[in-house]
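Please work through the following exercises with the sequence and the model at hand, and try each task before reading its solution.

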Amino acid sequence: MTTETISITDLRRTQPRFSGIESGHRACLGCGQALAARLVTESAGPDVMIANATGCLEVFTTPWPESAWRLPWMHSLFENAGAIASGMEAAMKAQGKHTKVIAMGGDGSTFDIGFQALSGMLERNHNVLYVCYDNEAYMNTGIQRSSSTPHAASTTTSPVGKERMGKRHLKKDIITIIAAHHVAYAATASVAYPSDLRKKVRRAMAVEGATFLQIHSPCPLGWGYNDALGIEVARLAVQTGLFPLIELERGELTGAMPLRHPTPVSAYLKMQQRFSHLFKDDPRALEELEHLQAIANHNIEIYRLRGDGIDALDSEGSDTVRRGGSRWA
Amino acid sequence: MAILNRGAFAHPSTSLQYHTGTWRVQKPVHEHRAAPCHNACPAGEDAQAYLAKIAEGRFQEAWETIVRINPLPAATGRVCHHPCEGACNRGEYDEALAIHSAERFLGDEAIKHNWPYPMPPAPLESAPAVAVVGAGPAGLSAAYHLIRRGYNVTLFDELPEAGGVLRTAIPQYRLPRDILHAEVQRLLATGMKFEPQKRLGRDFYIEDLQRDYAAVFLGIGNRHDREWSVDGVTPRGLRSGLELLEEWVALGSVPTPQSVAVVGGGNTAVDIARVLKRAGTHEVHVITHQALPGVDVPPEITMTAIAREITQAQDEGVIFHEFRGIRRLILRGEKVVGLELVHMKKVPQADGKLLTKAFEGTETVLHVEQVIPAIGQDVLPFGVEGLLENRPFFAVDHNGALAKHPGIFVGGDACGGRGTLSRAIGDGRRAAEAIDAYIQGKELPQPAPVQVVPYSQINLNYFEHAARVKTPVLPLEARKGSEEVEGGLSQTQIFAESQRCFSCGNCFACDNCWTLCPDSAVLKTTELASDGSHYVFDYDYCKGCGLCAHECPCSFIVMKEEL
């Protein structure tokens, strides 16, 4: 057997995959968004450019004078990623180039602040893939509730107290709103299912026109779980039915990852500090637990998530690994 | 073009200048820990390692991985009791891997394709010589490992052929003789000098060996049947299970009365019971004060015979009487006509020890024409009287060194409390290591404490259920003589089975760490990295979140405290 020593720098340079984001970024330990963004750039390939809304991703990848990006990347404001991406796409078109534009934002800039720019982008059907990293609150500014924050989650602006058990309102059903724009492809994905995520990015990239991807991206600080457990938490969000993995084309449901064994929502909730009040001795806690279970059951019902026996691409089969790293996507 | 103000742009990948590794308080490291199968093997085989080779399609390398430890895989794949399968983590998930089938397949392939044993250059003529007495599993293993360590080895046996109990007492339906013969001949050809028909105490003496050789290994087995009587009464013409078994193996026939009771719960008892059934005895009973194997039966009271052999014997019509002892022989003259049985069980005593107790009022009578004790053997002291000192077995340490006799090492059944092929092979290997240290005048290194990967540390999310491969078994009506009962599997089946392995404690290159690291601090290598994995941690950037360790399916990545 021969031994060859190669420097780690050379090894990094010769990795057998493209990655649009390099190491050295300042994301927290175990950041779900950093992982999600890398997986997106990995499957979108090098011929893309990014319009990034304000948020964690923008902040942690570009501490002046450095950048973690290996792609053309632009940041303007919190509210205008959709508009900036539209402009970039129009400029490409005018120059006769085919580089695809990807807009990226968190749930704050997508669901709330940048929503009208996004809606306009979809309405004009720009050839842009809009990726929303959904970590269910304004994590960058200190964990304020957004319209994506799930019901009953505690944040600094939806605290637990005498009046309320965390957030009073429901999580906005953004994917249905997006689909109502009659776009060719809109889907949800999770970092816990990287093969499924890659497949959806590639499918969206292949569409000429506006597409949308909502990626559930766990946040160890905002959700309050051990840094090492991000994938575990994200997986349970899917397996409980609280974050269904679905695909919508022209507003119609065309795909849903079946759940082999729907898990009770408590398994997901009890791992996270933001739901810890639901496990206190309080009659309201029990009611809110039941409420969240009902939401999961509702998702399972309307998206027909209940699996029909063992399926290689269901919630337990699609993350199966094999010797040598061959995944299905 | 407008001039960009400072901060408005940055060059790509410049974040690499900033080493986020400084944030870290714990770091992931690759740590190979023992798979339960490896830890459970009395011979010391690492089944996980050779199953991995099979899964990569490297069958010859898989066989070489086995024979670096155990030179007789075709035999052990058939005869061994396979504690590896009992320990297999996959057993808790769905079904244990069919490790014995893989071992047997590799052993057979090696014979078929004449794969050479992976041997270092032949020992120099001037190298020290070691004598090995007894060419059974322990002796063959010791001789083989001594040659691998560069010694000249002379192997003595009283019989004309090597193989020991494998040849003389294991029935052919468990171990076909063409397979055994081929494997043993190939092993003898690795460079040991074989001296058949030389008996210790008749043709040569311990003193000769001590004079002519740098060290001596005794693998002489336990060939002396223990005295058996019921309250001092023995029937006329009593013959032991081992004696009859050897007769069947050598001649192909044994006396067949209409009904027989075999006394004992070990492999000899089960073997002779099955042999008698094949030979034509109508009714064969096995009487044991131990329990039949079962899921909830504690091992200390379970029969020592291999569970699958017991099941096959039951299929063949052998009647087992568990928790029974013999209170009295019912004789007509000196001939047995029946046994008085009584319920017996091991019961904990005040000092915590287990003692077999008979329960009054539970006596029954069993009508049989012959009773065959198979209650075990001691070492035959012939030629080794001075070393045995009236003990039933040799008093040896963990490595087989005989107390008070430096330079003499013993292994296998001669040590007592053994009784398995794999243990004998392991004894031979450990003794070879100890002999090497003895001759070189070195201390043996203390064995490092073994860390085993428990089931709870396997990340089951990344595995799918898959049924264990079914091994073909000879139909009952065809089990008449010496045809092998259990069949082998095809290469395709073995390959598929190897894919079920959890790869406990070892990297199987699934890409999980590389795929899931949020900081791109796991780098993939095209060749095997120095730690045996396919990945390298870039500690300049790893922040120590622990995600890779938690998501490693095989528990090969562990987090270590830093600072």
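**Exercise 1.** State into which domains chain B is divided, and work out how domain 1 of chain B meets domain 2 of chain B.

Solution. Chain B is divided into domain 1 (14-32 + 506-561), domain 2 (36-117 + 451-498), domain 3 (129-224 + 378-440) and domain 4 (228-375), with bounds that come from an automatic or database domain assignment. The model is a predicted one, in which local features need pLDDT of at least 70 and side-chain atom pairs count only at pLDDT 80 or more, while totals for chains, interfaces and linings use all residues. Residues are numbered from 1 along each chain as its sequence is written, and chains are lettered from A and ligands numbered from 1 in the order in which they are written.

Next, take the C-alpha centres of domain 1 and domain 2 of chain B, which lie 31 Å apart. Nine residues of domain 1 of chain B are in contact with eight residues of domain 2 of chain B, where contact requires C-beta atoms, placed from the backbone, within 7 Å. On the side of domain 1 of chain B that touches domain 2 of chain B, there are five nonpolar residues, three polar and one charged; here Ala, Val, Leu, Ile, Met, Phe, Trp, Tyr, Cys and Pro count as nonpolar, Asp, Glu, Lys and Arg as charged, and the others, Gly among them, as polar.

**Exercise 2.** Describe the contact between chain A and chain B from the side of chain A.

Solution. The contact takes 41 residues from chain A and 43 residues from chain B. At least two residues of the chain A side are supplied by each of α1 (8-13), α2 (32-44) and α10 (230-240) of chain A, and the largest share, four residues, comes from α10(A). Helices here are DSSP runs of H or I with at least four residues, strands are runs of E with at least two, and both are numbered from the N terminus. By class, the side of chain A that touches chain B divides into 17 nonpolar, 13 polar and eleven charged residues.

**Exercise 3.** Which residues of α10(B) are buried, and what do they pack against?

Solution. First check the length of helix α10 (residues 177-188) of chain B: its twelve residues should span 16 Å at 1.5 Å a residue, and its end C-alpha atoms are 16 Å apart, which agrees; the expected span is 1.5 Å times one less than the number of residues. The buried residues of α10(B) are B:Ile179, B:Leu180, B:Glu183, B:Val184 and B:Leu187, a residue being buried if 20 or more other C-beta atoms, placed from the backbone, lie within 10 Å of its own, exposed if 12 or fewer, and partly exposed in between. They cover an arc of only 120° around the axis, so they are on the same side of α10(B), the arc being that of the directions from the helix axis to the C-beta atoms. The buried residues of α10(B) pack against α4 (73-79), α7 (99-113), α8 (137-148) and α9 (165-168) of chain B.

**Exercise 4.** Locate B:Ser13 and B:Ser520, and decide whether each is buried or partly exposed.

Solution. B:Ser13, in the segment before β1 (26-30) of chain B, has a positive phi of about 60° although it is not a glycine. Because B:Ser13 has 18 C-beta neighbours inside 10 Å, it counts as partly exposed. B:Ser520, in the loop between α18 (512-516) and β17 (522-524) of chain B, is likewise not a glycine and has a positive phi of about 50°. With 24 C-beta neighbours inside 10 Å, B:Ser520 counts as buried.

Note on methods:
Contact = placed C-beta atoms within 7 Å.
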